[in-house]
Amino acid sequence: MDRISVEGRKFVDNFGRTRIFNGVNYCDKGEYNGWGVPRTFHLNGDKDSENLVRELSENGFNIIRLGVTWAAIEPEPNRYDEEYINRIEDFANLCEKYGIYFYLDLHQDLYGGPSDAGDGAPLWACMPDGAKFKPVKFVWAEGYFFRKAVHRCFDNFWANKEYDGIGIQTRFLNMWTHLAERFKDHPALFGFDLFNEPFLGSSGGKVFRKLILNLVKTVLTDKRCKKLWMIKQLVTGNAIRVLEPFNDPSLFRKVTSAGDKLVKKFDEEVYSDFISTAAKTVRDVTDNGIIIMENSYYSNLGIPYCAKAVNYNGVREKNLCYTPHAYDLMVDTPAYKYASDSRVWSIFSEQKKSADRLNVPLMVGEWGGHSDGTEWLSHINFLLDKFDENQWSHTYWSFYNGMFTSPISQSLVRSVPVAVCGTIEKYYSDRENNAFVLEFNQEKDFDVPTVIYAHKEIENIETDGEYIILPIADTPHSRIEIKTSIGKHKVIVSFK
């Protein structure tokens, strides 16, 4: 497989082609959590796994954000579970077989520990300073909001508190050294996502309280919040409509601004140093793979991300990208059909500013949601169109069994430019005319073609280049390869 690197604001392969990645999260959160609840996915190089990866490839997915946990990799201090790591490698080998890139995501939610929703760190690495882990009562993320055990675990991680004479963060980085050694030469490796949604710790609890107080203040004082109307919705059983005023991005941002200072302090004084140290840990092993920067949990709401670009030994990392996460307030609820295009896009617009500041490519690391019915698909299509407009790659959260027979497949299985010989001017799905359009400027001659994944049976292709259509297995999908010369080009793929 081609080696992927960063050139300016885009991903390129070793031929110099611009690469776009259409992907999905596949996250193994461990076999059991502290309450003995079995998890969903397991990484095996078996027939079921092969069928999964093959199906992803046939449906146009060319990258997987492969989530694994510290708890599974290092269940006891200094003892790495090589059998588990072998299973990760088996899965990575399947990715290579079917032409899908992967990037390793050290996943965590609520740090870890015995919580219904927590995963990530092994129990021995949880240092709650006597505070008790508690089961979830309301929403999975409540531990971030007001659970002292979660806060103290993060505080001690960022402070590198010692466990048996060695700092807990140091142990985490040693684990990354071990992983990097194993995967440094893997042909399908895209990069290293060093820490999922870093959380602030105790100051994160302060952010939550500030947000709630600011929400109440805004509802009481801002004229855009019609209080009598909101009360009527509550008493008539339409509580979900109370959030409608916050479809206004400026009103939503007015509330979330309460967390700006604390998030900025964490990003600049804690996370920046951590991510640079973690990146150096990997780079001491290999120069292969892209270093991935994530925003903190609260920046999922559009609070500005302020971390500095990865820099170590006085040198800025050249193969660096930013993978923000963003969700609507309705995600993980039956009300996802009410997800607001304007509200979510205001979050992504803020995150675009961060990519601009860092001068790196943006790949959306987590986004989306699903619900009953199909009303919500317009929101999914809106976001995909916006990603295309900005030439952003993405990994949808997340794969689930039956995804390709569910309504979401109508949106996620789509035509995309895979590799483009030159600079992309624009590409988009023309749903009205049942077509896909790509425009690009080719600045030099290439020995390899431009490649487009086509998700439907093709009726006609308009292009000034020579092309071939390569069917994909026993499906209506195909791979279009186009040879063009120096100059501007437009390709229109019309579907039956």
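Predicted model: local features only at pLDDT ≥ 70, side-chain atom pairs only at ≥ 80, totals over all residues.
Residues are numbered from 1 along each chain as its sequence is written, and side-chain values use heavy atoms, with hydrogens and water left out.

Asn313, then, is a residue other than glycine with a positive phi, near 55 degrees. Its relative accessibility is 64%, so Asn313 counts as exposed, where exposed means over 50% relative accessible area, buried under 20%, and partly exposed in between, with a 1.4 Å probe and protein chains only. Ala473, in the loop between β21 (466–471) and β22 (478–483), likewise has a positive phi, near 50 degrees, and at a relative accessible area of 55% Ala473 is exposed.

Staying with the backbone, a cis peptide bond joins Trp397 and Ser398, with omega at about -15 degrees, and Ser398 lies in the loop between β15 (393–396) and α13 (409–412).

Now to the helices. Which residues of α5 are buried? They are Ala149, Val150, His151, Cys153, Phe154, Asp155, Asn156, Phe157 and Trp158, that is, nine of the 11 residues of the helix, which spans 148–158 and is mostly covered. The cover over these buried residues includes α2 (70–73), α4 (142–146), α6 (168–183), α7 (202–221) and α10 (260–283), with contact meaning heavy atoms within 4.5 Å. After α5 comes Asn160, whose phi is positive, near 60 degrees.

Helix α6 also has a partner in α3 (residues 82–97): the two axes come within 11 Å and cross at roughly 40 degrees, the axes being lines fitted to C-alpha atoms, for helices over the stretch in contact, and the angles running from 0 to 180 degrees between N-to-C directions. α3 and α6 are therefore oblique to each other, because angles under 35 degrees count as roughly parallel, over 145 as roughly antiparallel, 65 to 115 as roughly perpendicular, and the rest as oblique. On the α3 side the contact is made by Glu82, Ile85, Asn86, Ile88, Glu89 and Ala92, and on the α6 side by His178, Leu179, Arg182 and Phe183. These residues divide into five nonpolar, two polar and three charged, where Ala, Val, Leu, Ile, Met, Phe, Trp, Tyr, Cys and Pro count as nonpolar, Asp, Glu, Lys and Arg as charged, and the others, Gly among them, as polar.

Next, Phe348, which is found in helix α11 (residues 341–358) and is buried, with a relative accessible area of 0%. Leaving aside residues up to four places away in sequence, Phe348 touches Ala326, Val364, Trp367, Leu383, Phe387 and Trp392. Between the C-alpha atoms of Phe348 and Gln410, which are 62 residues apart along the chain, the separation is 23 Å.

Finally, the cysteines. How many disulfides does the structure hold? It holds zero, a disulfide being a pair of cysteine sulfur atoms within 2.5 Å. For Cys306, the nearest cysteine sulfur is that of Cys321, 19 Å away. Cys306 counts as buried at 16% relative accessibility, and Cys225 counts as buried at 2%.

How values were computed:
Helix = DSSP H or I, 4+ residues; strand = E, 2+ residues; numbered from the N terminus.
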